[in-house]
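Please look through the sequence and the 3D structure below, and then follow a short exchange of questions and answers about its rings.

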Amino acid sequence: MMGTKESGVSTLTFGLFPERTLRVSLHFVDDVTPLLVSSSSSSSSSSSSSSTTTTPDDKFAICRANRVISLQHVAVAANAALLRRRQRDPSPNKQSAAMETILCLAGSTNTFSIFQEYTFVVNHNNNNNDPHRTDETSSDKPCAILVLGFDCADTDEYNSFLQTTGLTTTEPSTCPETYFERERTQDETNDLMKVYKLSKQEIDMSSLEQAILTRVATKYFI
């Protein structure tokens with residue numbers, strides 16, 4: 001994986017897929033309500049997941065940044081997503097590359113639970129559902145989100161998507177690298193360990209990031 005950075009937007013490229021690019025930017029929102037998607041409007045988790053993108057070509061997706069450990073995590077997940085899409089071609093049920101990347105970001109293989117945990121899907125069949133669950137949205141500070149954009153023709157196309165979702169181009173001080181390199185609290189670490197089903201021994205053998213990358217890189221392939 002290689003990457004470049006411009007105006008707070010990081011662009012990832014892939015050795016196995018030199019024709020593909022992935023733009024990633026970090027944003028903080030005070031109210032996630034405009035991002036929420038009702039799962040009751042779809043008949044399956046697959047159709048529900050596709051509705052979390054807001055463009056007809058499915059180039060883009062939005063996910064919770066606190067579930068991601070680093071840009072390398074995004075890169076590993078995106079590479080796995082592209083491999084899975086190539087293996088399933090021409091399956092009619094194939095996810096978009098952006099949504100497949102979110103599936104590959106997670107520690108779980110349960111599609112529905114992944115979209116509940118990583119995106120902004122609200123399941124109205126669950127009486128205990130809370131759109132502000134288990135993360136930054138439960139406090140009075142803004143929620144950190146990542147925007148993923150595959151194969152944008154140029155920066156203007158990416159920025160156009162940000163504008164349609166009410167987001168703005170990020171400044172370098174709020175770039176993804178700055179967010180991921182911060183020192184995490186013990187609560188954040190414990191939450192990531194729980195989400196990725198990691199033991200303290202796994203982390204002690206390497207690091208939290210390496211343990212997550214190993215889980216993500218192998219979950220669909222072993």
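Q: Which residues do ring pairs link into a cluster?
A: This is a predicted model, in which local features need pLDDT of at least 70 and side-chain atom pairs count only at pLDDT 80 or more, while totals for chains, interfaces and linings use all residues. Residues are numbered from 1 along each chain as its sequence is written, and side-chain values use heavy atoms, with hydrogens and water left out. Rings of Phe, Tyr and Trp (its six-membered ring) pair if their centres lie within 6.5 Å, and planes under 30 degrees apart count as stacked, over 60 as edge-to-face and the rest as tilted. On that basis, ring pairs join into a cluster F28, Y179 and F180.

Q: How are the rings of Y179 and F180 arranged, stacked or edge-to-face?
A: Their centres lie 5.5 Å apart. Because their planes stand at 70°, the pair is edge-to-face.

Q: Is Y179 buried or exposed?
A: Buried means under 20% relative accessible area, exposed over 50%, and partly exposed in between (1.4 Å probe, protein chains only). With a relative accessible area of 8%, Y179 is therefore buried.

Q: Which residue has its charged end over the ring of Y179?
A: A charge sits over a ring if NZ of Lys or CZ of Arg is within 6 Å of the ring centre and within 35 degrees of the ring normal. Over the ring of Y179, 4.0 Å from its centre, sits the charged end of R182.
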